[in-house]
Amino acid sequence: MLHIAKKVNRLQREELRSVKNQFHQELRDNILRFWTGHAVDVENGGFHGYITNDLKVTKNAPKASVLNARILWTYSTAYRIFKTDEYLTMAKRAYDYLADHFIDPEYSGVYWMLDYKGKPIDSKKQIYAIAFAIYGLAEYFQATGDQQSLEKAIGLYQAIEEHSYDPENQGYFEALSRDWGLLADMSLSPKDLNVKKSMNTHLHILEAYTQLLRVWKDEALAGKLRELIRITMDRILNRKKDRFQLFFDECWHSQADIVSFGHDIEGSWLLYEAAEVLGDPAVLAEVKPIALRMAENVLEHGIDTQDGGLFYEAEGGRFTDTNKDWWPQAEAVVGFCNAYQLSGEECFLDASFAVWDFIKRRIVDKQYGEWFWGVSKDGKVQDGREKVGPWKCPYHNSRMCFEMMQRLDEIRGG
């Protein structure tokens, strides 16, 4: 458990209980209810690949592995915590669809994209997607005890290590072909650079291996997690600026000077969580000040001091994307709370609650449910963005609620 750096009085405990109840209500009455009510594809199996903001379903939309794996993680966690049959049904649906359609039975790994009927239309092995499959499968095992789920997670971990790991320079290559051959284009999305290695992929391998180590105490896996923590601190982190670099060649030369505030605050707490699960006091002691400095940097440079919320990106000392997408807001709530728990500095808890207030005010869709993709700097909902899609999933916002419910209990008990 996290060390609570500062005790709270009785009045503060009541306030924290009230905020915890807000997260509980948002999770169960809005986020989880939305996905059980709208995302299930009864006709073709699995989940709809695309739903507009006003709930129009594109029935023939492709189905993304990332979306399916994130739904698996979300409802596995929900079932583990609440023991509600409805959540188990959703988790099992996601697990079965992943196992039956996304996992490649011949070469291992997972397909990047299926058509709406479950046939592969993009069979490349994007390591980011395989990491999320591990994340979801390991959580499903933790929630249900299904041994096959753990075996599948281990098999995917072994596939990453066999085919994607760079033994010369360490780290992992971004993507390979279905049969693990080289690809000319490894980019994760149209907005990402086509590079051999990226912060984003490594952050989510770190996240996946952390969850897998929770449920499978394997010495080799622990060694790989330790190495990933080291890579994150020594290669990905710009220690002079207390922020991540995003894109690299295979020798870890940075290819851009872009600041992603959402990834920095997310990475601050995921890095600390990885060190906790690894269980090495020396590593934890090294990671703690890094996590705090990253959170402090985001607080100083990424927050909109006028309307609230976290801006998206900056480059060369100026904002290049002032939109406030849903997922950086969710990660900021958790990341700032984590920084408070590590330091006892009230500014971090204030920041966490301020971003939560911004979410309630600007990001939660009070008409159709769930969250908007995001809003512009002037608070207008971004036009033409989906409610459900390859990237628009219930993972960041549900995880925020799960994390904050637990963390606020820890703070109240401190």
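Select aspartate 234 to begin: in this predicted model the residue is partly exposed, with a relative accessible area of 44%.

Next, select aspartate 365 and lysine 387, whose side chains form a salt bridge at 2.8 Å, N to O. Aspartate 365 sits in the loop between helix 11 (346-363) and strand 14 (374-375), while lysine 387 sits in the loop between strand 14 and helix 12, so the pair ties together parts that are 22 residues apart in sequence. Aspartate 365 and lysine 387 are both buried. Then pick out Asp104, Glu106, Lys125 and Arg178, which salt bridges with shared partners join into one network.

Move on to lysine 20 and aspartate 409, whose side chains meet in a salt bridge of 2.9 Å, N to O. This pair links distant parts of the chain, with lysine 20 in helix 1 (residues 10-38) and aspartate 409 in helix 12 (residues 395-412), 389 residues apart. Aspartate 409 is partly exposed, at a relative accessible area of 33%. Across the whole structure, a search finds 33 salt bridges.

Finally, turn to the largest nonpolar core, which has 142 residues and counts Phe23, Trp35 and Met400 among those with the most contacts inside it. Helix 4 (residues 127-144) gives the most to this core, with 14 residues. Selecting methionine 400 and its surroundings shows contacts that include Phe23, Ala330, Trp356 and Trp371, leaving aside residues up to four places away in sequence.

Methods:
Residues are numbered from 1 along each chain as its sequence is written. This is a predicted model: local features need pLDDT of at least 70, side-chain atom pairs count only at pLDDT 80 or more; totals for chains, interfaces and linings use all residues. Side-chain values use heavy atoms; hydrogens and water are left out. A nonpolar core is a set of buried Ala, Val, Leu, Ile, Met, Phe, Trp, Tyr and Cys residues joined through side-chain atoms within 4.5 Å. Buried means under 20% relative accessible area, exposed over 50%, partly exposed in between (1.4 Å probe, protein chains only). Helices (H or I, at least four residues) and strands (E, at least two) are DSSP runs, numbered from the N terminus. Contact means heavy atoms within 4.5 Å. A salt bridge is a side-chain nitrogen of Lys or Arg within 4 Å of a carboxyl oxygen of Asp or Glu.
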